[in-house]
Amino acid sequence: MLKLAVMVSGGGTNLQAILDAMDAGKITNAEVVRVISNSTKAYALERAKKAGIATACITRKQYPDPEQFDQALLELLQESGADLVVLAGCLVVIPQCVVDAFPNRIINIHPALIPSFCGTGYYGLKVHEQALARGVRVTGATVHFVDGGTDTGPIILQKAVEVQQGDTPEVLQRRVMEQAEWVILPRAIHLIANGKVRVEDGRVIIMP
Ligand code: GRF
């Protein structure tokens with residue numbers, strides 16, 4: 001059974017998609033053992049409590065020394081017993097010490113087709129604002145392993161979503177969440193939990 005620690009910052013719709021997929025049998029061989037937020041106000045924490053999952057809240061503001069935060073987050077993840085860390089709408093920059101402790105065992109959902117509209121400053125609604133400003137006809141979402149960079153790790157799954165005439169950033173964000181994020185994040189977890197994913201020379205191999 002793969003133990004997941006899910007890191008959140010906001011509404012938690014991606015967390016909910018994971019929990020719903022587990023209930024529906026679309027994710028097997030995995031369980032969420034801890035939900036960790038950097039905001040006490042994150043509705044994702046309510047979703048976790050409703051599901052009976054242990055939660056924790058850790059913010060940089062609690063630690064005058066940034067390295068103390070990094071160490072505290074690492075210890076929190078290690079004592080949770082997590083095999084895989086899932087960044088689900090998480091706005092925390094993952095410290096290098098955590099990336100080093102969980103090599104190819106941290107995944108992130110990004111609301112664009114990497115390498116488009118990603119990297120520092122591209123998160124949340126900003127991603128969709130930039131996609132609309134560029135006039136792309138297709139956008140989507142990406143699940144990737146987290147390495148030392150921002151949105152630079154090996155890509156696991158992607159799903160394309162059509163941009164429609166008149167889309168606002170909010171409308172496009174919702175479509176990308178519904179049609180892509182909430183589909184490929186659970187799918188990626190299911191594949192990893194069932195031993196179907198490996199990384200070779202920096203690229204992901206998905207076994208049949
Ligand atoms: C959304 O912008 C989503 O695209 C991104 O994180 C934000 C909130 O997601 N992955 P959630 O509802 O908290 O899962």
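Reader: What space lies in the second largest pocket?

Author: About 160 Å³. A pocket is an open set of points on a 1 Å grid over the protein atoms alone, where a 1.4 Å probe fits, with protein on both sides within 12 Å along at least five of seven lines; lining residues have an atom within 4 Å of a point. The volume is the space filled by probe spheres set on the points, which are joined across faces, edges and corners. The model is predicted, so local features need pLDDT of at least 70 and side-chain atom pairs pLDDT 80 or more, while totals for chains, interfaces and linings use all residues. Residues are numbered from 1 along each chain as its sequence is written, and side-chain values use heavy atoms, without hydrogens or water.

Reader: Which residues line the second largest pocket?

Author: The lining consists of A17, D20, A21, A24, K26, W182, V183, P186 and R187. Helix 1 and helix 6 each give two or more residues to this lining, and helix 6 provides the largest share, 4 residues. Helices (H or I, at least four residues) and strands (E, at least two) are DSSP runs numbered from the N terminus.

Reader: What space lies in the largest pocket, and which residues lie nearest its centre?

Author: The largest pocket holds about 810 Å³. Its lining has 40 residues, and C90, L91, N108, Y123 and D151 lie nearest the centre. Two or more lining residues come from each of helix 1 (13–23), helix 4 (96–101), strand 5 (106–110) and helix 6.

Reader: D151 is in that list. Where in the chain does D151 lie, and is D151 buried or exposed?

Author: D151 is in the loop between strand 6 (138–145) and strand 7 (155–162). D151 counts as buried, at 12% relative accessibility. Buried means under 20% relative accessible area, exposed over 50%, and partly exposed in between (1.4 Å probe, protein chains only). Look at the backbone too: D151 has a positive phi of about 60 degrees, although D151 is not a glycine.

Reader: What is the phi of F117?

Author: It is near 45 degrees, again a positive value in a residue other than glycine. F117 sits in the loop between strand 5 and helix 5 (125–134) and is buried at 17% relative accessibility. P115 is found in the loop between strand 5 and helix 5 as well. The peptide bond joining I114 and P115 is cis, with omega about 15 degrees.

Reader: Which residues touch the most other members of the largest nonpolar core?

Author: In soluble globular proteins, nonpolar side chains tend to be buried together. A nonpolar core is a set of buried Ala, Val, Leu, Ile, Met, Phe, Trp, Tyr and Cys residues joined through side-chain atoms within 4.5 Å. Here the largest core has 42 residues, and L4, V86 and I107 touch the most other members. Helix 6 (residues 169–193) gives the most to this core, with 10 residues. A second, separate core of 22 residues includes M7, L76, A82 and V85.

Reader: What does I107 touch?

Author: A contact means heavy atoms within 4.5 Å. Leaving out residues up to four places away in sequence, I107 touches L84, V85, V86, L87, V143, H144, F145, V146, I156, L185, I189 and I192.

Reader: And N14: where does N14 lie, and with which residues is N14 in contact?

Author: N14 lies in helix 1 and is buried, with a relative accessible area of 5%. Apart from neighbours within four places in sequence, N14 is in contact with A88, I109, E181, W182 and L185.
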